[in-house]
Amino acid sequence: HRVPSLAANHPKYKDNGRYWQGGVWPGANYMVITGLLQQGYRKLAYEIARNHYDNVLKVYKNTGTFWEYYAPEHEEPGFMARPNFVGWGGLAPISGLIEQIFGIRSNVYEKKLTVDVNLTEAYGIDRYPFGLDGLVAIKVKARSSATQEPQVEITSDVPLELTVLWGDKQKTANVKPGTRTV
């Protein structure tokens, strides 16, 4: 994990993630990643989100549950962490997957939706809630390379502005209710 709760060179740091002595907390990771995104560090935010997601997934596969926090240097729960902790333990498999790995982020107040495409394989989400009444389906088509311009099919029942990001490029389109490819 790339964002432990205490620096590894601190004398109280524990590599098994004993509580706040190095434990990797999903909520803290989510805040760091969100802050990096807001400051324009999209690539670093994606790398940290992917690292956290992949480690949480490995621990889940080994234990069958999500944990309160995780060990910073091992693919295991943090020392004394509580199991079945999907409160903030669900941030990586739910919000992290949607917002950082799939790159689907919305600002419903401004009626804007962003798809920050980092993956080359096809992916999407159906029935993504957009505001009080809107539902959106997003399908990103597979690409042969990360530099290839992505094709995003969007079906929406509300008007919105869609921005598609990839690398240092972007494209924006006004989307009316219905289906279109951007």
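1. In this predicted model, the side chains of Lys171 and Glu149 form a salt bridge with an N to O distance of 2.9 Å; the term denotes a side-chain nitrogen of Lys or Arg within 4 Å of a carboxyl oxygen of Asp or Glu. Lys171 belongs to strand 7 (residues 169–175) and Glu149 to the loop between strand 4 (134–140) and strand 5 (152–156), so the pair ties together parts that are 22 residues apart in sequence. Helices (H or I, at least four residues) and strands (E, at least two) are DSSP runs, numbered from the N terminus.

2. Glu75 is in the loop between helix 2 (42–63) and helix 3 (91–101), while Lys58 is in helix 2, 17 residues apart. Glu75 is partly exposed at 41% relative accessibility, and Lys58 is partly exposed at 37%.

3. In total, the structure holds 11 salt bridges. Among them are links that connect Arg2, Lys43 and Glu47 in a network.

4. On method, residues are numbered from 1 along each chain as its sequence is written, and side-chain values use heavy atoms, with hydrogens and water left out. Local features need pLDDT of at least 70 and side-chain atom pairs count only at pLDDT 80 or more, whereas totals for chains, interfaces and linings use all residues.

Key:
Buried means under 20% relative accessible area, exposed over 50%, partly exposed in between (1.4 Å probe, protein chains only).
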